[in-house]
Amino acid sequence: MATVIPLDTRRQEPRSQDPAMTEARASTRPAVIDIRGLSLTFDTADGPVHALSNVDLSIEKGDFVSFIGPSGCGKTTLLRVIADLEQQTGGTITVNGTTPEKARLNLAYGYVFQAPALYPWRSIAANVALPLEVMGLPKAERIRRVKKNLALVNLVNFEKKFPWQLSGGMQQRASIARALAVEPDLLLMDEPFGALDEIVRDHLNEQLLQLWAKTEKTVVFVTHSIPEAVYLSTKIVVMSPRPGRIHDIVESDLPRGPRLLDIRETPDFLKIAHRVREGLRAGHSYAD
Amino acid sequence: MPTEALTPLRSVFRPHPVARFMNERAIPVLTVVAALLAVWLAATYLLNVTVQRDAFERAGTPYTARTLFLATYQMERPILPSPHQVALELWKTTVETPVTSKRSLVYHGWITLSSTLVGFAIGTLLGIVLAVLIVHSRTLDKSLMPWIVASQTIPILAIAPMIVVVANAIGVTGLLPKAFISTYLSFFPVAVGMVTGLRSPDRLHLDLMRTYTATSSQVFWKLRLPAAVPFLFTSMKVGIAASLVGAIVAELPTGAVAGLGARLLAGSYYGQTVQIWSALFAAALMAAVLVAIVGMLDGIVRQRMGIRS
């Protein structure tokens, strides 16, 4: 059985812990995000910068997709296009079958930034309630959602604390709770654990997978860590810079759902990680 | 998942509040005060000694170095009054004089304080409104900002009498013309500080609001305004001191009969240096108290907003 299978030829969708149970079949789940021939060129004083060039990608419901690549490969830009924080200059993109702008106006996604971006004058509970206030939800519903989502990220007793009273890892968990409070089906995460140390990061990765399994959301996750990408994802999009483009799409056949951290020692895991690393190398990411 | 440590360690090792106050505040301040007093006392002797020696010689009074030295601190109209003369005058004109008297510094202080406060209130409001307009409109940013800056390059002494005369001509009398000059000086720091404050939220915080499809009024109330609060208080501290200066300046060239400025002017007409200096100190004291009150408000608001100071 092949460990990795290119997207274009066929899909593997392992549902069970037993690799023998997996079977290749065509994708039947609806595409949440569909990107075709997308490019984005920034006009700068030094001339045009091709942040994204001819990107084709389809993300199905319930996928956990990671964008990995060196800085300047456009992975964050791609995520921002999905979120309608940037607009493409060419090609098409649909989110939930509509334009990113309409999807944003429908609150289709929750966005987790590189930094927690908590408002320092708001308590943790009030920070999580921020999007709910903007949405104009009644107070009882706000309180219910704040409680529920703080429980999801294990921050129950920290509602009244202010951000500076929490560690970096806890702040980022609070910001994940804030993104989940909108109750979106799609979670966009831009290197959310990049600033944290490895031990905290491992913990949060484990928790994130549990959360994903529990909520069955579609997650798009930007990272520059190979182990993180392989550990979390069902699909890994390897990107390369100048111009930013997709170099390889790796389907992971590691079991879906919560994975133990120990999975990182298994041959299957290492095989996928190897392919990702090869992809990054071939994309000249180590050249400079 | 284990929760990371939270205990604010600094509270464990915090020394006794009184000891902390002495160490961090009182001792440094008192040292500076002592040094200033020493310089003042020396300057009093050096500036007054020639005048006093002349006075002794003209009156034919015999004097020694010691009596001359002591006399320089007791003169009726010294070039520079000594600290105790100023303190005594302050005491006499505040505590020992009824507040209704024209000789009471409390009376004059109140006149100045009231126009300071009215001017400051209008100035702060005006500054905030201008800042909100500037932040939300590129056109206003381009068109208003240069005028706001230019307004502060005009010498206030030149414009003060004109404002008072014009205000009187259109029937605005009493407190308001003076308050306008306070406004003129105090709106500027508030406007500039608020523009900076309202623009202080970083890209991330603004993007976050965009992902929630927040309206610009929601962005204003939930993000820009709270982010600007620390900036507002910092500029209000500058603004209230400027307001007091404005009120005093307004009393100088306009023939005002009451207020600290009028007191300064009268003192200089009649060579009453002790009176000038005591009015000056009253003004300085008032400024210090006003700034301290704004600072305390700042502290209270910050605490309620949970911002670590």
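**Reading the model**

Mentor: Let's start from one residue: B:Thr124 sits in helix H5 (residues 105-136) of chain B. Helices here are DSSP runs of H or I with at least four residues, strands are runs of E with at least two, and both are numbered from the N terminus. This is a predicted model, where local features need pLDDT of at least 70, side-chain atom pairs count only at pLDDT 80 or more, and totals for chains, interfaces and linings use all residues. Residues are numbered from 1 along each chain as its sequence is written, while chains are lettered from A and ligands numbered from 1 in the order in which they are written.

Trainee: Is B:Thr124 buried or exposed?

Mentor: You count C-beta atoms, placed from the backbone: 20 or more others within 10 Å of a residue's own means buried, 12 or fewer means exposed, and in between is partly exposed. B:Thr124 is buried because it has 23 C-beta neighbours inside 10 Å.

Trainee: Which residues is B:Thr124 in contact with, leaving aside neighbours within four places in sequence?

Mentor: A contact means that the C-beta atoms of two residues, placed from the backbone, lie within 7 Å. For B:Thr124 the partners are B:Ser186, B:Val190, B:Met236 and B:Gly239. B:Gly239 is 115 residues from B:Thr124 along the chain, yet their C-alpha atoms are separated by 7.6 Å.

Trainee: What pLDDT does chain B average?

Mentor: pLDDT is the predictor's confidence in each residue, from 0 to 100. Chain B averages 86, and 93% of its residues score at least 70. For the complex, the predictor gives an ipTM of 0.79 and a pTM of 0.77.

Trainee: Now chain A. How many helices and strands does chain A have?

Mentor: Chain A has 8 helices and 10 strands. Of its 288 residues, 47% count as buried.

Trainee: And how do I read a core?

Mentor: In soluble globular proteins, nonpolar side chains tend to be buried together. A nonpolar core here is a set of buried Ala, Val, Leu, Ile, Met, Phe, Trp, Tyr and Cys residues joined through C-beta atoms within 7 Å. The largest one has 87 residues, and A:Ile82, A:Ala177, A:Leu188, A:Val237 and A:Val276 touch the most other members. H5(A) provides the largest share of this core, 7 residues. A second, separate core of 48 residues includes B:Leu105, B:Ala131, B:Leu232 and B:Ala262.

Trainee: How is chain A divided into domains?

Mentor: Domain bounds come from an automatic or database domain assignment. In chain A, domain 1 covers 1-10 + 29-108 + 184-288, and domain 2 covers 116-183. Their C-alpha centres lie 26 Å apart. Each of these two domains puts 10 residues into the contact between them.

Trainee: Last one: how many residues does each chain bring to the contact between chains A and B?

Mentor: Chain A brings 26 residues and chain B brings 19. On the chain A side, H3(A) gives the most, with 4 residues. That side divides into 17 nonpolar, 7 polar and 2 charged residues. Here Ala, Val, Leu, Ile, Met, Phe, Trp, Tyr, Cys and Pro count as nonpolar, Asp, Glu, Lys and Arg as charged, and the others, Gly among them, as polar.
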